[in-house]
Amino acid sequence: MDVERLYREHSPVLFRYLVRFSGDAEAAADAVQEAFVRLVERPPRQDGVRTWLFRVATNLLREGGRTRTRRLRLLAGRPLDALLSDPPGDPAEELDRDERRRSVRAALETLSPRDRMALLMRAEGFSHREIAEATGTTTGSVGTIVNRALAKLAAALPLDPGGPP
Amino acid sequence: MTPSTREEHVSRDDLLRWLDGECAPGERARIGGHLERCAACMTTLETLRTRSERLDGLLRELDVERPGDHLPRRPPARRAPRWSAPVRRAAVVAGLLVGAA
């Protein structure tokens, strides 16, 4: 198995997905690294590698979540978003962006981990079969899960036609 | 235009599957034909499409601009197997014994 090639191909998208899933870039990077260690040690027999990596890394992130939340809380005075922020540009624009990020994060957090995972994997272009494999559900129920998640987010975010973009 | 009274609307789940390209060819054609005749289903489809596109835009707001600040460029080195430390120690001891002999 060419792990270097797989890492080059999949780690950027996996990292982006995990940051969207958790809001914690450091935890996301740790989960990517650990998932690749496990890929070498115990390669998947049946799943496609990409789906396997997303499933394993999401589980790692969720297992480590409690510890990291404690650690983040200890970083006194630094809200979670500050850890993700890039250097400031125009202050007003940054404020708007921070506000939008906060709203999107809060809305995503209202979804169950499985629904959030399905929605975010769909945004990365996974098929319903792959999403079902990764989330442990049936291919037929992915549409229901995604519809439910979109409707819930639309109640909190400007997603619907006719509303503000 | 509305479909004939006997033709049922397409469910939201099936419209989402249609949008995601998840339908088999026959089903895709059937739903596509219905959409041409049914304004209500077309509106629902447009809602699902807009929700998906706008969510994609909002998700991009969460992305880290320089992932390389967090993510190493290369995969991690393989973890040392659990037996490696005792084996290394044994090899050192064996080497000492051989050296002493």
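A:Arg20 is buried, with a relative accessible area of 5%. Buried means under 20% relative accessible area, exposed means over 50%, and partly exposed lies in between (1.4 Å probe, protein chains only). This is a predicted model: local features need pLDDT of at least 70, side-chain atom pairs count only at pLDDT 80 or more, and totals for chains, interfaces and linings use all residues. Residues are numbered from 1 along each chain as its sequence is written, chains are lettered from A and ligands numbered from 1 in the order in which they are written, and side-chain values use heavy atoms, with hydrogens and water left out.

Which residue meets the side chain of A:Arg20 in a salt bridge? The partner is A:Glu124, at 3.6 Å from N to O. A salt bridge here is a side-chain nitrogen of Lys or Arg within 4 Å of a carboxyl oxygen of Asp or Glu. The pair links distant parts of the chain, 104 residues apart. A:Arg20 sits in helix α1 (residues 3-22) of chain A, while A:Glu124 sits in the loop between α6 (113-123) and α7. Helices are DSSP runs (H or I, at least four residues), as are strands (E, at least two), and they are numbered from the N terminus. A:Glu124 is buried too, at 12% relative accessibility.

Now take a pair within one helix. A:Glu34 and A:Arg38 form a salt bridge at 3.2 Å, N to O. They are four residues apart in helix α2 (residues 25-41) of chain A, so about one helical turn separates them. A:Arg38 is partly exposed, at 25% relative accessibility.

Move on to helix α7 (residues 128-135) of chain A, where A:Glu130 lies. A:Glu130 is buried, with a relative accessible area of 17%. A polar atom of its side chain lies 2.9 Å from the backbone nitrogen of A:Ser127. Leaving aside residues up to four places away in sequence, A:Glu130 touches A:Arg50, A:Thr51 and A:Met121. Contact means heavy atoms within 4.5 Å.

Next comes the interface. Here 36 residues of chain B are in contact with 50 residues of chain A. The size of an interface is often given as the accessible area lost when the parts come together. Between chain B and chain A, the buried area is about 3,900 Å², with 57% of it from carbon and sulfur atoms. That area is what the two parts lose on being put together (1.4 Å probe), summed over both.

How many salt bridges run between chain B and chain A? The count is seven. One of them joins the side chains of B:Asp20 and A:Arg122, at 2.7 Å from N to O. The elements giving two or more residues to the side of chain B that touches chain A are α1 (12-19) and α3 (39-60) of chain B. α3(B) gives the most, with twelve residues.

Another bridge links B:Glu65 and A:Arg97, with the closest N and O atoms 3.1 Å apart. B:Glu65 lies in the loop between α3 and α4 (84-100) of chain B and A:Arg97 in helix α5 (residues 91-109) of chain A, so this pair joins two chains. A:Arg97 is buried, with a relative accessible area of 16%.

Finally, return to A:Arg20. Salt bridges that share partners join A:Arg16, A:Arg20, A:Glu124 and B:Asp63 into one network. Over all chains, the count comes to 21 salt bridges.

Conventions. A polar contact is a pair of N or O atoms within 3.5 Å; within protein, one must be able to donate a hydrogen and the other to accept it, and residues adjacent in sequence count only if both atoms are side-chain atoms.
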